[in-house]
Amino acid sequence: MNSVLRVNNVSKRVKNFQILNKVSFELGRGEIVGLIGPNGAGKTSIMKILVGLTRNYTGEVDVSGVKDIGCMIETPNFYPYNTGYQNLMYFAKLNGVGKKKVGELLELLGLTDAANKNVKAYSLGMRQRLGIAQALLKDPDVLILDEPTNGLDPEGIYEIREYIRKIANEKNITVLISSHLLGELEKMCDRAIIIKKGEIVQFMDLHDTQKEKQITYVIESLDAKATHRVLQEHGYHVISQNGQEARIRIGANEKKDVAKLLISQGVVATGLYEASETLEDTFLELMKD
């Protein structure tokens with residue numbers, strides 16, 4: 001991984017409450033990483049540390065390879081009776097950025113047609129996109145977004161997802177994003193960091209194509225008991241079975257071997273497919289006490 005930012009053993013304690021406990025992870029250049037956990041897990045605390053809003057912590061945050069970090073933490077605030085262009089120009093002047101950059105960002109985030117409308121008339125999704133444009137004014141290497149799809153309708157969620165992908169791909173910007181919409185993060189992110197009670201409990205590669213990856217393989221057949229017996233006799237571990245199907249854990253490259261075995265043993269399979277183990281499944285399992 002071409003790391004752009006490293007977090008090493010970061011801990012934070014407030015009075016008797018341990019908010020973060022030895023959190024360590026790296027972010028690669030141009031990747032989108034989801035930060036996932038229940039309310040109070042420490043997601044926003046990590047993000048505030050990364051952008052310098054919180055300094056009272058132990059451990060190390062190495063941003064030596066980062067030119068600038070853009071962020072949108074919590075709901076962005078704008079002057080409602082000014083236009084989107086006027087709002088963005090105000091923040092651009094504060095950051096020493098010119099009109100050209102503002103125009104580029106309005107186009108990048110799909111706000112060119114709404115640039116001269118008052119922000120008061122913007123939908124929540126448009127305001128979120130304007131907030132992301134504001135966070136990109138200084139051409140950051142890393143973009144940190146805390147719940148950018150919170151409160152949006154499905155269309156707004158889809159738009160934000162596509163724009164975040166566009167930013168990462170076209171600008172090669174690293175994006176760290178938190179959300180409680182796990183299905184959306186799974187569609188958007190390259191990796192996920194799952195945090196519980198201030199500690200990282202798992203990293204997940206959401207685009208894992210390794211051949212040795214273990215999968216759950218579902219075999220539907222006319223006689224599930226006979227299927228179960230054949231699988232066990234040939235060394236496969238059946239993890240579950242009911243009247244219609246049996247499930248086994250195998251390597252991703254073993255699917256053809258299983259199909260050939262069933263045919264050779266006279267098992268009539270009515271369905272063979274890989275079970276979809278979603279980010280939500282993993283998350284819910286990890287959150288169990």
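Helices (H or I, at least four residues) and strands (E, at least two) are DSSP runs here, numbered from the N terminus. This is a predicted model, with residues numbered from 1 along each chain as its sequence is written. Local features need pLDDT of at least 70, side-chain atom pairs count only at pLDDT 80 or more, totals for chains, interfaces and linings use all residues, and side-chain values use heavy atoms, with hydrogens and water left out.

**The four-stranded sheet**

Let's start with the sheet. It is open, has four strands in the order E11-E12-E10-E13, and its pairing is antiparallel. At the edges sit strand E11 (238-241) and strand E13 (269-274), each pairing on one side only. From one strand to the next, the twist averages 20°. Two strands count as paired if DSSP finds at least two bridges between them. By way of background, strands of a sheet pair through backbone hydrogen bonds, either parallel or antiparallel. E11 and strand E12 (residues 245-251) run antiparallel and are joined by three bridges. Across that pairing, Ser240 stands opposite Arg247 in E12.

Which helix packs on the sheet, touching strand E10 (214-221), E11 and E12? That's helix H7 (residues 224-233), and its direction makes about 175° with that of E11. Helix H8 (residues 255-264) lies across E10, E12 and E13, running at about 25° to E10. For these angles, axes are lines fitted to C-alpha atoms (for helices, over the stretch in contact), and the values run from 0 to 180 degrees between N-to-C directions. Touching, or contact, means heavy atoms within 4.5 Å.

Ile215 is found in strand E10. At 2% relative accessibility, Ile215 counts as buried; buried means under 20% relative accessible area, exposed over 50%, and partly exposed in between (1.4 Å probe, protein chains only). Ile215 and Lys255 are 40 residues apart in sequence, with their C-alpha atoms 9.5 Å apart in space.

Leaving aside residues up to four places away in sequence, Lys12 touches Phe17, Gln18, Ile19, Leu20, Thr54, Asn56 and Tyr57.

Strand E1 also holds Asn9. Asn9 has a phi near 50°, a positive value in a residue other than glycine. Its relative accessible area is 40%, so Asn9 is partly exposed. Asp139, not a glycine either, has a positive phi of about 50°. Asp139 lies in the loop between helix H4 (124-135) and strand E6 (142-146), and at 38% relative accessibility Asp139 counts as partly exposed.

**Helix H4**

What about H4 itself? At 1.5 Å a residue, the twelve residues of H4 should span 16 Å, and its end C-alpha atoms are 17 Å apart, which agrees. The expected span is 1.5 Å times one less than the number of residues. H4 is mostly covered, with nine of its twelve residues buried. Those buried residues are Gly125, Met126, Gln128, Arg129, Leu130, Gly131, Ile132, Ala133 and Ala135. They pack against E5, H2, helix H3 (99-108), E6 and helix H5 (154-171).

**Aromatic rings**

How many aromatic pairs does a search of the whole structure find? It finds three. Rings of Phe, Tyr and Trp (its six-membered ring) pair if their centres lie within 6.5 Å; planes under 30 degrees apart count as stacked, over 60 as edge-to-face and the rest as tilted. Here are two pairs that share Tyr90:

| Pair | Centre distance | Plane angle | Type |
|---|---|---|---|
| Tyr79 and Tyr90 | 5.6 Å | 90° | edge-to-face |
| Tyr90 and Phe91 | 5.2 Å | 75° | edge-to-face |

Tyr79 is partly exposed, with a relative accessible area of 43%. Tyr90 is partly exposed too, at 39%, whereas Phe91 is buried, with a relative accessible area of 15%. Ring pairs link Phe78, Tyr79, Tyr90 and Phe91 into a cluster.
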